[in-house]
Amino acid sequence: MRTNAAAALVLTAAFAATVVGCTATLGDPGSGSAGGTGGQAPPGNGNLPTGNTPTVDKLGNACAATQIAPPLLRRLGTREYAATVQAAFPALGKAGVDVSSLISISDDTLSKLRLGNDASVLLVGNQTAKEVMASAEAVAATVTSPESFPLVLPCASSAPDEACATTFIADVGAALCRRPLKDDERARYLAAYRSIAGRSDFRTGLKWTLTAILQSPAMLYRSEIGTAKGGAYQLSPDEIAAALAYDFGGGPPSAALLARAAGGALSDPTQRIAEARQLLLTAGGRQVLQQLFRQWSLYPRVIAETRAVDNFDVVRQAMNDETQRFIDEVVVNRKGGVKDLLTAPLTVLNPTLKQFYGYGGPEIAGSGAGAGDWTVVDRPAEAGVGLLAQGAILAGNAHPDSSSPTLRGLVVFERLLCNPRPLPPANVPRIEAAAPGVKTTRQRYEQTHAAGGACPVCHTQFDPIGFGFEHFDQTGRYRADEGGLPIDASGTARAPDGTSLFSFDGLTDLSQKLAALPQVANCLGGFAEAFVFGGGGGQSCLAAEQRQALTQGQTGLLDFVAALAGAPSFAQRQGP
């Protein structure tokens with residue numbers, strides 16, 4: 001049974017975290033929930049946006065000079081919190097106990113920038129505080145259980161006294177808070193232990209003390225504030241080490257990284273970039289990259305789709321995995337850039353998808369993405385190239401009974417060109433149902449969206465782009481014709497002001513011409529920059545030099561993301 005002192009300690013920690021949450025984005029102008037359309041992400045991918053709020057287009061702005069981000073407190077995301085807890089108890093991990101599975105904090109919501117790690121939305125309200133409290137109690141109960149406690153704290157069996165408790169508080173507190181506890185923190189936790197253990201026992205005292213540490217602001221938040229120096233705020237070595245570890249490795253800094261930071265090595269941008277690149281190549285770093293590309297392209301939408309096709313629930317999950325493996329192959333294994341991502345004539349298939357798509361010859365020799373039943377294969381000429389030809393993109397942006405030039409065109413318009421989605425007018429007309437052999441999808445859309453009224457104002461910006469996808473049906477498979485009718489997959493990509501960017505014929509031509517546009521690389525670069533800096537406190541253009549190298553094709557995407565660690569905002573913040 002919980003003692004009154006323990007309950008007060010837990011509630012105080014939760015309340016403190018909530019108070020910190022109210023000021024967690026210093027200098028941030030404020031940001032709400034994201035707009036958009038599409039299904040729901042699978043567990044662990046974050047919530048995909050719904051509604052009609054326009055996206056913010058500043059990610060694609062050309063940057064004349066690098067800006068400095070404001071000071072921030074960044075609440076740990078769900079994955080980051082779990083990784084921190086798991087790393088704090090390595091003995092349990094070696095024994096096969098997955099401590100992170102006890103954490104039940106809701107998935108992170110996307111911000112207006114469509115970022116799941118944006119500091120402007122990672123706050124601690126009542127619901128999150130309850131979830132953090134419940135997770136902390138579950139973790140603490142497991143750690144201090146009779147089976148686990150001797151693995152975590154050997155002196156719990158041999159000498160369960162105050163000296164043993166002091167060791168536990170210092171070691172676990174430093175691991176969870178990513179820095180040594182301050183004197184007043186150690187004293188406070190030790191006093192709580194004494195109060196609880198004096199009325200119960202050693203194990204109960206440390207159980208509720210750990211519960212409090214797991215809810216403390218020092219555990220929940222990453223500080224990127226620093227101290228005033230020369231008109232700016234200089235981040236501390238611990239802050240820089242934590243930023244590197246979480247932004248590029250998905251978890252807390254190791255003892256070795258903290259030691260390097262304490263020795264001054266990470267004050268050198270070159271050293272930070274090298275460290276970031278190493279972290280990105282770890283299992284946790286690859287997950288960080290996957291999260292970046294999931295939130296940018298929103299390809300997990302396909303998992304929520306339904307089609308009148310046998311076994312489509314298996315197919316749609318395989319499509320999601322295909323795109324994840326394709327991105328990993330191009331970006332990590334081949335060190336490709338934006339052009340490679342959009343034009344690579346390959347994909348990664350398993351037997352289910354080979355049968356579904358109707359192609360998938362011999363594995364490409366020397367590739368690292370093939371694992372188990374998955375193999376890297378060449379695409380046939382008609383199957384398109386690059387990211388836009390992925391089944392997850394094609395089927396994830398279509399209707400159950402037909403393709404959708406509008407949804408597919410918006411993928412390019414919003415995610416590749418960084419244009420804000422216009423708000424739809426009232427009383428949007430319905431498009432007539434598909435009638436095989438009577439009209440093509442393009443004809444039906446042109447009749448409704450381009451024939452007059454309010455629709456053409458918006459739809460002429462993205463429907464013509466979506467027509468380039470029309471050789472692929474609602475399941476993502478190639479079709480030579482549509483119900484016996486010839487398909488016109490030509491179109492023109494235009495800027496919001498009506499200026500023609502280029503004309504194209506078919507998805508391969510569209511992909512190749514998009515890959516040649518500097519603004520596409522700049523758009524993706526802006527998103528990656530915002531992702532690494534947690535929204536940047538509302539400040540864009542935090543890495544102008546690095547983005548220029550990406551837009552000019554001088555660097556691959558992996559190296560570009562790592563190079564963000566060399567930007568000024570990785571070591572300093574705007575001054576007072």
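View 1. The crossing of helix 8 and helix 9 is right-handed. This is a predicted model, so treat the views as showing computed coordinates. The two axes come within 8 Å, with helix 9 covering residues 202-213, and they cross at roughly 140 degrees.

View 2. On the helix 8 side, the contact is made by Tyr189, Ala192, Tyr193, Ile196 and Ala197. Helix 9 brings Phe202, Thr204, Gly205, Leu206, Trp208, Thr209, Ala212 and Ile213 to the contact.

**View 3. Helix 8 on its own, end to end.** Helix 8 takes in residues 183-197, 15 residues in total.

**View 4. The buried residues of helix 8.** Tucked away here are Glu185, Tyr189, Leu190, Ala192, Tyr193, Ile196 and Ala197, which are buried. Look down the axis of helix 8 and these buried residues fall within an arc of 155 degrees, so they line one face of the helix.

**View 5. Stepping back to the protein chain.** The chain has 26 helices and 11 strands. Of its 576 residues, 54% are buried. Take the contacts between residues at least 6 apart in sequence: 72% of them join residues at least 24 apart.

How values were computed
Residues are numbered from 1 along each chain as its sequence is written. This is a predicted model: local features need pLDDT of at least 70, side-chain atom pairs count only at pLDDT 80 or more; totals for chains, interfaces and linings use all residues. Side-chain values use heavy atoms; hydrogens and water are left out. Helices (H or I, at least four residues) and strands (E, at least two) are DSSP runs, numbered from the N terminus. The expected span of a helix is 1.5 Å times one less than its number of residues. Buried means under 20% relative accessible area, exposed over 50%, partly exposed in between (1.4 Å probe, protein chains only). The arc is that of the directions from the helix axis to the C-beta atoms. Axes are lines fitted to C-alpha atoms, for helices over the stretch in contact, and angles run from 0 to 180 degrees between N-to-C directions. A crossing is left-handed if the near helix is turned anticlockwise from the far one by less than a right angle, and right-handed if clockwise. Contact means heavy atoms within 4.5 Å.
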